[in-house]
Amino acid sequence: MNQGAIPDESPRNLPEQLLLQDAKAGNCIVIHCGTDRLLGDAPRLIALYGGNSEDWDKMTSIEAFEINGASVQVHWFRNSQTLQEVEFKFKRQYPKTAPKNL
Amino acid sequence: MKIRCIAKTGESLPEKYIDPPRGYTRKVELPLTIGKEYVVYAIREWKGTIWYYICNDNYSYYPIQTPAPMFEVVDSRVSKYWRFELSPNGLLMIAFEQWFTDPYFYDKLTDQEEAEVEIFDKVKELMDAEDFDLPPLDVAVDKLRETVSV
């Protein structure tokens with residue numbers, strides 16, 4: 001497992017840049033509350049940025065843009081006590097290939 | 001279990017659901033369609049708030065928790081794939097088996113890990129097609145008695 005800080009992922013194009021800006025502006029919701037179950041990254045986040053395990057939530061952009069055939073969202077970690085936000089990354093989901101008609 | 005969306009903004013939510021650090025403000029607008037029905041894949045109860053895990057209008061590979069007051073229940077029959085867990089911290093979860101067998105299942109799913117995405121794909125397919133029709137009580141009990149009678 002990666003023990004170091006994971007740098008923010010850079011947007012690949014203008015729509016991704018706009019999506020990231022929108023998410024950072026507050027158009028976001030929690031995916032996974034640290035109070036529920038420990039995030040796999042929680043020990044690393046605490047070691048790097050401080051806080052307690054229940055403070056760290058996983059967030060997502062509310063918007064999901066279709067970009068180059070993929071549905072794209074932004075995910076990151078937020079400390080719900082300090083509101084520190086770290087490790088922004090893009091989640092690109094491409095449509096599944098249709099099963100072959102045998 | 002199926003629910004129908006009746007609201008999609010934070011304005012509709014009871015005060016206990018408002019949690020700005022987690023994005024739930026009065027102004028939040030979720031990607032839902034009022035009047036549309038959604039299948040519930042899991043349920044979470046935390047400190048008096050109930051959340052349905054659904055595939056909202058931006059669904060790509062994982063269900064996301066959504067406040068229950070934004071919906072009305074249109075089919076209250078529960079899935080045969082569901083399991084129940086009450087955690088020591090008071091969190092109540094109802095979800096499919098794989099959610100509980102690996103404590104990091106949902107974390108991995110939302111991280112887009114291939115194995116967990118594939119599992120949810122399969123669970124979703126099964127739950128979307130789940131047949132809830134049961135025979136009438138008398139027919140069911142007669143059938144059972146035929147099976148167990150010597």
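## A hairpin in chain B

Strand 3 (residues 42-46) and strand 4 of chain B run antiparallel and are joined by 5 bridges. This description, like the rest of the report, concerns a predicted model. Within the pair, Ala42(B) stands opposite Tyr53(B) of strand 4. The two strands of chain B form a hairpin, with 2 residues between strand 3 and strand 4.

Strand 4 of chain B also has a partner in strand 5 (residues 64-67) of chain B, and this pairing is antiparallel over 4 bridges. Here Tyr52(B) is placed opposite Thr66(B) of strand 5. Strand 4 of chain B, which covers residues 49-54, is mostly covered: 5 of its 6 residues are buried. Strands of a sheet pair through backbone hydrogen bonds, and the pairing can be parallel or antiparallel.

## An open sheet in chain B

Chain B also has an open sheet of 3 strands, in the order 2-1-6, with antiparallel pairing. The edges are taken by strand 2 (37-39) and strand 6 (71-75) of chain B; each has a single partner strand, so one side of each is left without a neighbour in the sheet. From one strand to the next, the twist averages 35°.

Strand 1 of chain B, residues 2-5, pairs with strand 6 of chain B in the antiparallel sense, over 4 bridges. One of the residues involved is Arg4(B), whose bridge partner in strand 6 of chain B is Glu72(B). In a regular strand, side chains alternate between the two faces of the sheet.

## Two residues with positive phi

Most residues other than glycine have a negative phi. Lys47(B) has a positive value, with phi near 50°. Lys47(B) is found in the loop between strand 3 and strand 4 of chain B, in the turn of the hairpin described above. Is Lys47(B) buried or exposed? At 68% relative accessibility, Lys47(B) counts as exposed, because the cut-off for exposed is over 50%.

Leu83(A) also has a positive phi, near 65°. Where is Leu83(A) placed in chain A? Leu83(A) lies in the loop between strand 4 (70-79) and strand 5 (85-93) of chain A. With a relative accessible area of 46%, Leu83(A) is partly exposed.

## Where chain B meets chain A

The contact between the chains takes 33 residues from chain B and 32 residues from chain A. The size of an interface is often given as the accessible area lost when the parts come together. Between chain B and chain A the buried area is about 2,700 Å², and carbon and sulfur atoms give 44% of it. Which residues of chain B lose the most area to chain A? They are Pro21(B), Arg22(B) and Asn58(B), together giving 23% of what that side buries.

In a salt bridge between the chains, the side chains of Arg22(B) and Asp57(A) meet at 2.7 Å, N to O.

Several elements of chain B give two or more residues to the side that touches chain A: strand 3, strand 5, helix 1 (97-101), helix 2 (105-110) and helix 3 (114-128). The largest share of that side, 3 residues, comes from helix 2 of chain B.

Methods
Residues numbered from 1 in each chain as written. Chains lettered and ligands numbered in written order. Predicted model: local features only at pLDDT ≥ 70, side-chain atom pairs only at ≥ 80, totals over all residues. Heavy atoms only, no water. Pairing = 2+ DSSP bridges. Axes fitted to C-alpha atoms, helices over the stretch in contact; angles between N-to-C directions. Buried < 20%, exposed > 50% of the residue type's maximum accessible area, 1.4 Å probe, protein only. Contact = heavy atoms within 4.5 Å. Buried area = accessible area lost by both parts, 1.4 Å probe. Salt bridge = Lys/Arg side-chain N within 4 Å of Asp/Glu carboxyl O.
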